[in-house]
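Here is a short briefing on one protein model, meant to be read with the structure open beside it.

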Amino acid sequence: MKIGFIGCGNMASAIIGGILKNRIAEKEDILASDAYASSLEKARKNLGIEVTSDNRVTAAKSDVLFLSVKPQYYETVIAEIKDLITEKQIIVTIAPGKTLAWLGEKFEKPVKIVRCMPNTPAMVGAGMTAATPNEQVTEEERKTVCSILNAFGKTEVIGEHLMDAVVSVSGSSPAYVYMMIEAMADAAVADGMPRPQAYQFAAQAVMGSAKMVLETGKHPGELKDMVCSPAGTTIEAVRVLEEKGFRSSIMEAMKACTAKAKGM
C-alpha cells in the first residue's frame with residue numbers, strides 16, 4: 001500500500017511519524033509533496049521518505065492519498081489532481097468545513113473519500129480523530145483508513161453532521177487547554193514557583209485528570225466532587241471559577257468555533 005501526502009507540514013509529519021512507528025507502512029511506501037522546498041527537505045531528512053514538488057506525481061502513485069493542505073488551497077489542489085484519481089484510490093481529507101458533498105462536487109466524479117478531523121496531539125501519538133467515509137468507501141477500506149489514523153492516537157467514526165462540533169471539542173480544543181495550562185503556571189509563578197516547575201505541575205495535572213476521565217468511566221462532575229472537600233481549598237477555587245463564568249466562557253468559545261467551521 002502506497003500512502004501519499006499532498007502537503008507535508010506539522011500535521012502530515014505527525015501522521016507519517018505514527019505510520020512509521022507502528023509499521024503501518026515502510027518509508028519507501030510513503031510519498032509527500034509540498035509547495036515549499038524547506039518542508040520537503042525537512043520531511044526527507046527527518047522521516048526518510050520520498051518527496052517531490054509535483055502534487056500530480058503524489059496523486060498518481062498513491063493508494064491512499066491525504067490532502068493535508070490548508071482549507072483555502074483545497075479547490076486548487078483538487079483541480080490539479082482530479083483527472084489522475086481513479087475509483088480504486090482513497091482520498092483522506094483533514095480540512096474543516098469541506099463536506100463530502102463539496103469534495104465530491106470538486107472531483108466531478110465518484111471518488112472514495114474519508115473526511116477526517118485530527119488534532120495536534122497526534123504529534124506525540126495522542127491524537128483524537130473523527131472520520132466520516134462517503135458511500136463509495138467499503139467497510140474494509142474504512143478499516144484500512146482507521147488503522148492508519150489509529151497509528152497516531154484514537155479514531156471514532158461519526159456522522160458527518162457532527163464534524164463541525166468535533167472541530168470545536170477536539171480539533172481546536174488543544175489551544176484552550178494550552179491556555180489553561182499557561183494560566184495555571186502563571187498563577188503558580190506568582191505564588192513563588194519556578195516557571196519550568198510550574199509548567200510541569202500544571203501539565204501533568206491536566207494529563208492525569210484527562211486520564212482519570214477516560215479510564216475510570218466516571219462522570220467529570222463526579223470526579224470534580226471527589227476533589228472538593230467541604231469548606232476546603234478546591235471548592236473555594238471552583239466557586240471563583242463559577243463566579244467568573246469559566247464553564248460558560250468555554251461553551252461560548254466552542255460555539256463560536258463550530259460556527260466558524262461551518263462557514264469555511
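Predicted model: local features only at pLDDT ≥ 70, side-chain atom pairs only at ≥ 80, totals over all residues.

Residues are numbered from 1 along each chain as its sequence is written, and side-chain values use heavy atoms, with hydrogens and water left out.

**Salt bridges**

- The structure holds 15 salt bridges, each being a side-chain nitrogen of Lys or Arg within 4 Å of a carboxyl oxygen of Asp or Glu.
- Arginine 44 pairs with glutamate 41 in one of these salt bridges, with the closest N and O atoms 2.5 Å apart.
- Because arginine 44 and glutamate 41 are three residues apart in helix α2 (residues 37-47), about one helical turn separates them; helices here are DSSP runs (H or I, at least four residues), numbered from the N terminus.
- Arginine 44 has 42% relative accessibility and so counts as partly exposed, a class that lies between buried (under 20% relative accessible area) and exposed (over 50%), using a 1.4 Å probe and protein chains only.
- Lysine 106 forms a salt bridge with glutamate 75, where the closest N and O atoms are 3.2 Å apart.
- That pair links distant parts of the chain, since lysine 106 lies in helix α5 (residues 100-107) and glutamate 75 in helix α4, 31 residues apart.

- Glutamate 75 is partly exposed, its relative accessible area being 44%.
- Glutamate 41 is also partly exposed, at 38%.

How values were computed:
Helix = DSSP H or I, 4+ residues; strand = E, 2+ residues; numbered from the N terminus.
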